[in-house]
Structures are given as C-alpha cells and as structure tokens.
Amino acid sequence: MSSLFTKSVKLGLLLRLICLFISSFSVCISTPPEDHIKCSSSSNKNCTLTNSYGIFPDRSMCRAGTVAYPSNEEELISIVANATKNKTKMKVATRYSHSIPKLVCSSEEDGLIITTKHLNRVVEIDAEAKTMTLESGVTLKQLISEAAKAGLALPYTPYWWGLTIGGLLGTGAHGSTLWSKGSSVHDYMVGLTIVSPGGPKDGYVMVRRLNDGDKDLNAAKVSLGVLGVISQKHQNPYTGPPWKLNSIFEGSTP
C-alpha cells in the first residue's frame, strides 16, 4: 500500500511539472489578436467589428455596410470624397482596434469603416534631423524597431506594442514622466495633415496641413477621429537627457 501511494505521489508530481512546463511555454509564445473586422462578402460589405479584447463594455457588436482599406494617402482622399458625396457616415478603425470605448462604431449600420491596416509603411527616417515619417497603421513595435536602427528612441510610450501610431496619438495615449513637456506622445507633435469632408466646390474633401503655431493644431491632435482622418503627423524634438526625438507621423486617427 505504501509503495502504491509513493508511486501515485510521484505520478502526481510528474503531471504537475508537465502542466507547469506547458503553461510556461504557452505564456512565452504570444500571437496578435485575430482580425477584429469580419465581412460576409469578398467585396468587404455587410461587416461586423469589435475591439482587440473581443467585446465592447456593453457586449454589443458594431456593424458597418462597407469597409475600405486605403494603402496610400491618395486612396484615402478618394474614399473620404466619395463617402462625403454620397452622404455616408464614416468612422476610422486601427489595425487591432485596441480602444475599449466604442469610438469605431457608426450610428448607422450601412456606414463606412476606413481601416489603417494597410497604411503601415515607414516612409522616411532622417537620423541627422532625428525625424521619422510613418503611416498611421505602423505599430508601436515597428516604430521602436525602426527608430533603433537609426539610433533614435521614443521616450514616452503606452505599454502595448500593438498600438498604431495614429491610434495612440489620436486618443492621447501616454507613458509616464516627471520632466520635459509630459508623458503624452502628442505633446511632442508639431504638425499633421488631416483629411476631412468638404463641399462640392472642394471636390467633397478637404486636406488641411497644420503646423506648429496653427490655432487648430491642438484641437486636431487628440481628435478621437471626429474631425477627419489624419494622414500626416510631425513630432517635435525632445532634447532633455538621455533622449532626443523628432518624429513625423503619417496616418489616421482611431
């Protein structure tokens, strides 16, 4: 009986060690969230979307008539113009839609979602001027990696690498600091380009390029997507030790 008990204890310990090993291995391997936008047709129509958590606080699912995937600024301008002309309501979704509130949801189920999933290029890096030009779908991980290759660093960031540049700036995301201008990434931005609906004389679209000193820049910095789709962002240099950074960001708000 004693021998049988000893064997059972050993077997139990072995099973626990195996489970612990498997659990540890599972924790070490991570995968990005699945695509939060799903459409019932190959033409990106009749779509549903949620956030990267898989559910909004009210446990609802947002619906959209169509989803557009611009891959450059020209396509983005065309999409906004056509939607404005047809009086279609628009919202912007980032690559993983990390926002807990339902910022991405349109009030109409036949509305349009513009996603920045394919606006994910690092356009330019100027190491001497300490600037980077990025499309808005570029993730924080991409930004940090590409900046490091040029000897640059982003001193203040949120915690999750899956955030997009346009999303974290448009929602006022931040890290933490006790010095310089503060911990919000947008505090170091000195310019942006925003694509907004326009009238017939404007071709139903307006492209505004705002620079440091423009009275509308502060309003556009953390616009939550309500002023238009941001297509360019220009970050101010930070000169305090041990970091220096001046970043130009291109893309869209969340």
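Q: Where does valine 92 lie?
A: Valine 92 lies in strand E4. The model is a predicted one.

Q: Why does valine 92 count as buried?
A: Its relative accessibility is 5%. Buried means under 20%, so valine 92 counts as buried.

Q: How far is valine 92 from cysteine 105, along the chain and between C-alpha atoms?
A: The two residues are 13 apart along the chain. Their C-alpha atoms are separated by 8.8 Å.

Q: What makes cysteine 62 and cysteine 105 a disulfide?
A: Their sulfur atoms are 1.4 Å apart. The cut-off is 2.5 Å, so the pair counts as a disulfide.

Q: What is the handedness of the disulfide of cysteine 62 and cysteine 105, and why?
A: The torsion about the S-S bond is about 40°, so this disulfide is right-handed.

Q: Which parts does the pair of cysteine 62 and cysteine 105 tie together?
A: Cysteine 62 lies in strand E3. Cysteine 105 sits in the loop between E4 and E5. The pair therefore ties together parts that are 43 residues apart in sequence.

Q: Are cysteine 62 and cysteine 105 buried or exposed?
A: Both cysteine 62 and cysteine 105 are buried.

Q: How many disulfides does a search of the whole structure find?
A: The search finds two. Counting bonded cysteines along the protein chain, the pattern is 1-2, 3-4.

Q: How do you know that cysteine 39 and cysteine 47 are joined by a disulfide?
A: The S to S distance is 2.0 Å. Sulfur atoms within 2.5 Å qualify, so cysteine 39 and cysteine 47 count as a disulfide. With 100° about the S-S bond, their link is right-handed.

Q: Why does cysteine 39 count as partly exposed?
A: Cysteine 39 has 27% relative accessibility.

Q: Why is cysteine 47 called buried?
A: The relative accessible area of cysteine 47 is 2%. The limit is under 20%, so cysteine 47 is buried.

Q: How many strands form the open sheet, and in what order?
A: Five strands form the sheet, in the order E1-E2-E3-E5-E4. The pairing is mixed. From one strand to the next, the twist averages 45°.

Q: What makes E1 and E4 edge strands?
A: Strand E1 (37–39) and E4 each pair on one side only.

Q: How do you know that E3 and E5 pair?
A: Three bridges join strand E3 (residues 62–68) to E5. At least two bridges are needed, so the two strands pair. E3 and E5 run parallel. Valine 67 has isoleucine 113 in E5 as its bridge partner.

Q: Which strands does helix H2 touch?
A: Helix H2 (residues 73–85) packs on the sheet and touches E3, E4 and E5. The direction of H2 makes about 170° with that of E5.

Q: How many aromatic pairs does the structure hold?
A: The structure holds one.

Q: Why is the pair of tyrosine 96 and tryptophan 160 called tilted?
A: The ring centres are 5.7 Å apart, and the pairing limit is 6.5 Å. The planes stand at 50°. Under 30 degrees would be stacked and over 60 edge-to-face, so the pair is tilted.

Q: Why do tyrosine 96 and tryptophan 160 get their accessibility labels?
A: Tyrosine 96 has 15% relative accessibility and counts as buried. Tryptophan 160 has 23% and counts as partly exposed. The boundary between the two labels is 20%.

Q: What makes asparagine 211 partly exposed?
A: Asparagine 211 lies in strand E9 (residues 205–211). Its relative accessible area is 46%. Exposed means over 50%, so asparagine 211 is partly exposed.

Q: Which elements have the lowest and the highest mean pLDDT?
A: Strand E11 (residues 248–249) has the lowest, 34. H2 has the highest, 93. Over residues 236–254 the pLDDT is below 50.

Terms used. Residues numbered from 1 in each chain as written. Predicted model: local features only at pLDDT ≥ 70, side-chain atom pairs only at ≥ 80, totals over all residues. Heavy atoms only, no water. Phe/Tyr/Trp six-rings, centres within 6.5 Å; stacked < 30°, edge-to-face > 60°. Buried < 20%, exposed > 50% of the residue type's maximum accessible area, 1.4 Å probe, protein only. Helix = DSSP H or I, 4+ residues; strand = E, 2+ residues; numbered from the N terminus. Axes fitted to C-alpha atoms, helices over the stretch in contact; angles between N-to-C directions. Contact = heavy atoms within 4.5 Å. pLDDT = per-residue confidence, 0-100.
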